[in-house]
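Hello,

Here is the structure for you to look through. My notes follow below.

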Amino acid sequence: MHSQSDIVAVMVGVAVEGPYSYRVPQGMSVTRGSIVAVPLGPRLTLGVVWGPPADMIAHNRLKDIARAYDLPALSAELCELVDWVSRYTLAPPGLVLRSVLRSSEALEPERPVVAYRLSGHAPSRMTDARARVLETLADGMAWAKAAIIGASGVSASVIEGLEKSGALERLSLPAPPVVDPPDPDATAPRLGAEQAAALAAIRNADAGGFGVVLLDGVTGGGKTEVFFEVVADTLRAGRQALILLPEIALTHTFLERFTRRFGTRPAEWHSEMTPLQRARMWRGVLEGTVRAVVGARSSLFLPFRELGLVVLDEEHDGAYKQSDGANYHARDMAIVRARLAGARALLSSATPSVESRNNADTGRYLHVRLENRFASAQLPDITAIDMRETPPEKGSWIAPPVAREVFAALDRGEQALLFLNRRGYAPLTLCKACGHQYQCPDCSAWMVEHRFRGVLMCHHCGHEQRRPEACGACGASESLVAVGPGIERVAEEAAARFPEARTVIVSSDMGSNAQLRQRFSEIAKGEYDLIIGTQLVSKGHHFEKLTFVGVLDADLGLAHGDPRAAEKTFQVLTQVTGRAGRATRAGKAMLQTYHPNHPVMEAMVSGDREAFYAHEIVAREAGGLPPFGRLAALIVSATEQPVAMAHAKALLAAAPLADGLRLFGPADAPIAMVRGRHRVRLLAQSPRNFDLSGYVRFWLGLAPRPSGNLRVQVDIDPMSFF
DNA sequence: TCCCGTCTCAGC
DNA sequence: CTGAGACGGGAT
Ligand SMILES: [Zn+2]
Ligand SMILES: [Zn+2]
């Protein structure tokens, strides 16, 4: 006998189109959100009960749920988020679910801690090691085995020997909580008048449900202190809080600030955690023992059940959109999750994205500004250096006015930063005998010389070769020249021109995130005078002694024909020049540019960011670009260019007509080949009130299915057109 | 003729 | 995502 309620839909963590139906065996009880193991083909797969069965399936094909885990069910809000992200990005829902079920270890109950205490009996035989253990345990308390080993410096076998001899009593203790709960009242906040006003405005707008706040203020303006108070409000209301940061900004300094405010370290969630830490954290979030999480992008899919606040710090940061499985922008999905959870979202930035700015301007978001720097610091004085008027000398990359300011800062015993958003030594290696250019064999891109490591390297696929002595094409020796600068080359010039300065290079190939953070803290302590860095240095690090920033190629990034080029350039320049100047003295910044009249440069020099946003918003609206219109890119790739192009043309031919929809392409991608695959792009543009994801799904349903090595990737709301 | 790498598809 | 079965090119 089967009643309807014996069968449920289960979303499996596999890239299938929708949930599968399973029988609930006798004696098992599950609800929407229950985490289960189900047989799928020859194996057991993790899945989540999604609700009543969606389709009829022959009873003889139905299988039983193998196991229901002894865990709280995922919140309905999280299940809805999975469906939402899947519909929006066109990624299969099972694939999105995988970003929720990221820690399979977390599903098993945590092993109790093995502990020992004195039994009161003396051991039959005494040794030095045994005596040290007994001494450690002399307080009569139960000690965890690992703690005994740590405190008395013995091996596990000594303890086991004592247990056998009857001197120790073994017991098991419940595992301690992964973090202590943060106390919203651990310390009284110390806010300046403007911060207090901002907090009051945020509190005033709290309707107890969904709402978005854009906290908009200069770097160092005290945004963190303000959103910590919103976190405190959330904790007091008995709800959980999530603070999302770009991974690189998840620093010791930030965690320390949290600890000072809330009396305990926050739960962290990032890519460098061990599986055990990951499992304990995940389980803590689900069971509700973890109340506040500070995490990178992937923490958006943690199994909160009482989420009350999502903070997205540095909301403009491009790292929030990346593909790992599903291709989503963490900002947009954070807002969706907040809406589904009836929670607040707080976006924080010194340079908000044009999308967020427009939502604030139109009243969809509450716009809260912090105009002045904390402790009354000032914005840097920015000048444009016209590279046509005062160019660097031949073979040099630092224009004379910039070099003078570096000297001046060094003379004053302060720090200077030279910024160039290009890793390596030189972007091109050329043979001056035959004209051969070193290209990646698998990408249509130059091999970038990394002289420090003695290699040429492709930044698109990681392909490397040793730096050649002689030209690989004509065999001439001594004929290879490096063309153009990267930061290593700037460092070489700096070493020659500023030999007395202690110089450091900061870029993503300087090691792990942990090593980078170490380097940042050395800089903050003043162990270096001159910093030469890529975009990384612009990410939320405060250097008190830094008073001059020279941007060696402010135009880099404007050249790309993608719709966010101006916005991204404005944000990077604002963030990096914002490193100059702190509490006591106004900093200086110089932008080396060939386009001093470009709206971005003019806005930077005049300090009039409102003019930039106004200009950019008008341009976006006129072009029907985000946020006033929607874009979706289809990237067709294959090992043979004609195959990719032919399929792209077939896709275009199959595209249904729709009112207001425009299609562009197909065209070779700007970087036509990456990792041996030729890429052809199609672009769809629609009005804002158009379901572009739905349209693309319908379109791909009508179009020929890609076969062989053809791939079609969908990128909804692409951030770049590369 | 057999074997193995590559592709294609189903899984409830 | 994974494994099973279907091709197809090349070695034996
Ligand atoms: Zn490459
Ligand atoms: Zn040559």
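This is a predicted model: local features need pLDDT of at least 70, side-chain atom pairs count only at pLDDT 80 or more; totals for chains, interfaces and linings use all residues.

Across the interface of domain 5 and domain 6, five residue pairs are in polar contact, both residues at pLDDT 80 or more. A polar contact is a pair of N or O atoms within 3.5 Å; within protein, one must be able to donate a hydrogen and the other to accept it, and residues adjacent in sequence count only if both atoms are side-chain atoms.

Residues are numbered from 1 along each chain as its sequence is written, chains are lettered from A and ligands numbered from 1 in the order in which they are written, and side-chain values use heavy atoms, with hydrogens and water left out.

Back to the interface. Six residues of domain 5 contact six residues of domain 6 (heavy atoms within 4.5 Å). The two domains bury about 540 Å² between them, 53% of it on carbon and sulfur atoms. Buried area is the accessible area (1.4 Å probe) that two parts lose on being put together, summed over both. In domain 5, Asp442, Ser444 and His460 lose the most area to domain 6, together 70% of what that side buries.

Domain 5 spans 424-484 and domain 6 spans 629-716; the bounds come from an automatic or database domain assignment. Their C-alpha centres lie 33 Å apart.

Now the zinc sites. Donors are N, O and S atoms within 2.8 Å of the metal (3.2 Å for Na, K and Ca).

- Zinc ion (ligand 1): the SG atoms of Cys440, Cys443, Cys458 and Cys461 lie 2.3 Å from it. The spacing along the chain is C-x2-C-x14-C-x2-C.
- Zinc ion (ligand 2): the SG atoms of Cys431, Cys434, Cys471 and Cys474 coordinate it at 2.2 to 2.4 Å. Their spacing in sequence is C-x2-C-x36-C-x2-C.

Why is the arrangement around ligand 2 tetrahedral? Its four donor atoms subtend angles of 107 to 111 degrees, and four donors count as tetrahedral if all angles lie between 85 and 135 degrees.

Best wishes

Note on methods: Four donors count as tetrahedral if all angles lie between 85 and 135 degrees; four count as square planar and six as octahedral if opposite donors are over 155 degrees apart and all others between 65 and 115; anything else is irregular.
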